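Here's a quick briefing on the complex shown below. Have a look at it first, then read on.

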Amino acid sequence: MKFRLGTLLTVFVTLLFGYALFEARDFPTQAQIYAVTVAGTGFIFGIITLVIELRAKTTWVGQEGLLDLAPDRSTPPAVVYMRALRVLGWILGLYLCIWILGFKIAIFLFFLLFLKLEGRAGWLLTGILTAIAAYLMVFQFEQRLSIFWPEGLIERYFELPGFL
Amino acid sequence: MLDAAGQALVMLLDPFRFGLMCLGVAMGLVIGILPGLAGMVGLALLLPFIYGMDVHAALAMMMGLAAITCTSDTIPAVLFGVPGTTSSVATILDGYPMAKKGEAGRAFGAAFIASMIGGLFGALILTLSLPIARPIVLACGSPEFFMLCMLGIGMVAVLTGRRPMQGAMAAAVGLLLAAIGPGPTQGYMRYTFDLIYLFGGIPLVVMALGLFALPEVADLLIRGTTISEVPRLGKGFIEGAKDVFRHWAITLRCSALGAYIGFIPGLGGSVANWLAYGHVVQTSRDRESFGTGDVRGVIAPEAANNAKEGGALIPTIVFGIPGSGHMVLILAAFLILGINPGPEMLTTRLDLTFTLIWSLAIANVLATGACFLLSRPLAQLTTVRVQYWAPFILMLVILGAFQSTRHWGDLIALLGLGLFGWLMKRQAWPRPPLLVGFVLGKYAERYLYRSIASYGAEWVTFPGVIGIGVFIIVSLVMGLRWQRQKPVGAQAPQEVEE
């Protein structure tokens, strides 16, 4: 019996179905039927899949019959997960900035920092790309399409200039 | 009928009305390219402006926008693997790998011409079916609609080929996520954990962007290279356009499929493109190349998702039942303009019906030309370092997701689904079944309850139900058998230690 990283995903999904089944016990009958059917079926599939995966001699990771985009296998897994954590860090940092500073200021900062630190772009290119993003935000999205932004804490408690 | 058609065409070609239609096309072009901003956003933006407007001009403008989003949404799907709208997700499977091989131009050529033909075919189907639309729609009831939902889910289960258990689990996850929020019968809140955000369920746009857009951007940043691994833009648009005519049977079949799907209220573009993709895979003898950049995998969904607009107009015009999300807003436009959908649209106001048909047809042609002009400069982006344009995509994805409910929950759900989608992709779990399960789950439950409430257990013996059921079983058995004999996709299984 071999435990692989992919098995964790199967365990997680199976537990998700199990929890959904548990929650559904309090639903009224009509609301329960669908939830129990789907969660119960998914739970059974999960158990079967777990057994198959734990007993399998090889890990199936090719694209054969998958009909989804294939993940890149040229980079070692450890490197992939480290870089993935880094990307997640950037997105979480962006979210934190949006929450505190508001979307426009956060995106402006994100562009500056990301292009300089990750893209290793020069100041001129960084400035140009950030300016393009600012133009799109203010003149196209806000004024033409009336797009709504996530508001930040700073916008709630302080009076900011109109373009911000 | 010919008189009304001619009259509508003459009115549409009036410079003012034609200009407004072009304005709708231009707006739709931008909306389709921006991930998450579905055509419904654009249509909603136009609604305030049509008060007091000439009826034909207003309808032309609205249809111009609705028609093109299904064409322009291909651009981000092919270039970045990010769906422009939920109707372009299936196009990513082969369109994006084509861009990676340096064939973005060919993918665009095939997609735009297929879209145009699909759109024209949808308009044609709409015209021809006007006399017979009413009895057909009346013949289908909740039991038949439920079985059609099962067909959609079953088709996608077959698509997963040698990973049927993972595909089935993914579909079940989608069905479960569709249960979040109010149940269709009693309105009882399920799996909401008293969070107001979840009272309305997870928005479809957030689901599509989270599952497909964020993982692709993340993977590109992880790899750290350009999208196109070939330092040229590929064989070009003409080759792609020729591909559409080479595979004319696929184009016409999938256009017909899309028009039929559009005809069924509620199923929409996100189902049409998957069913068309599934159909072309199942019916192709040589299927090893699907998922690795096969142009047929672009032609099929693109033809279908444009054709569905014509099909969706049928129940909208005849019954006032919106055939898709776009049609909800077209219906709102009807009310604003004082138009009553129903029999008079096929009799005394046939000229308005033909205005819609002509607008759909002409806008598809204009859209194709506009997309051809834009896509070559945009295709250059595939050779630019991903760190330079990834921030733009992230910005658009986050913005697009936030427009769903304008609640922080959209962003949190986007991140959670993005993480889950990335892990699924990494562990070779197919994502399409999840999305299809999510889309069809609510409809399936609603139709099931209505069937039981209206007919008890008798509904399982209805001829339409039995016919569709037999078709599902035969498709599943044959599809799984073919998958085992001749798998889809190019790469052999590999053993990897992780």
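Chain A is built from six helices and zero strands, with helices (H or I, at least four residues) and strands (E, at least two) taken as DSSP runs, numbered from the N terminus. This is a predicted model, where local features need pLDDT of at least 70, side-chain atom pairs count only at pLDDT 80 or more, and totals for chains, interfaces and linings use all residues. Residues are numbered from 1 along each chain as its sequence is written, chains are lettered from A and ligands numbered from 1 in the order in which they are written, and side-chain values use heavy atoms, leaving out hydrogens and water.

**Chain A**
- Running from the N terminus, the element order is α-α-α-α-α-α.
- Chain A has 164 residues, and 42% of them count as buried (under 20% relative accessible area; exposed is over 50%, partly exposed in between; 1.4 Å probe, protein chains only).
- Tyr19(A) sits in helix H1 (residues 5-24) of chain A, and counts as partly exposed because its relative accessibility is 38%.

**Confidence**
- The complex gets an ipTM of 0.90 and a pTM of 0.74 from the predictor.
- Chain B has an average pLDDT (the predictor's confidence in each residue, from 0 to 100) of 80, and 83% of its residues score at least 70.
- Over residues 486-498 of chain B, pLDDT is below 50, yet this stretch has 50 contacts beyond near neighbours in sequence (heavy atoms within 4.5 Å).
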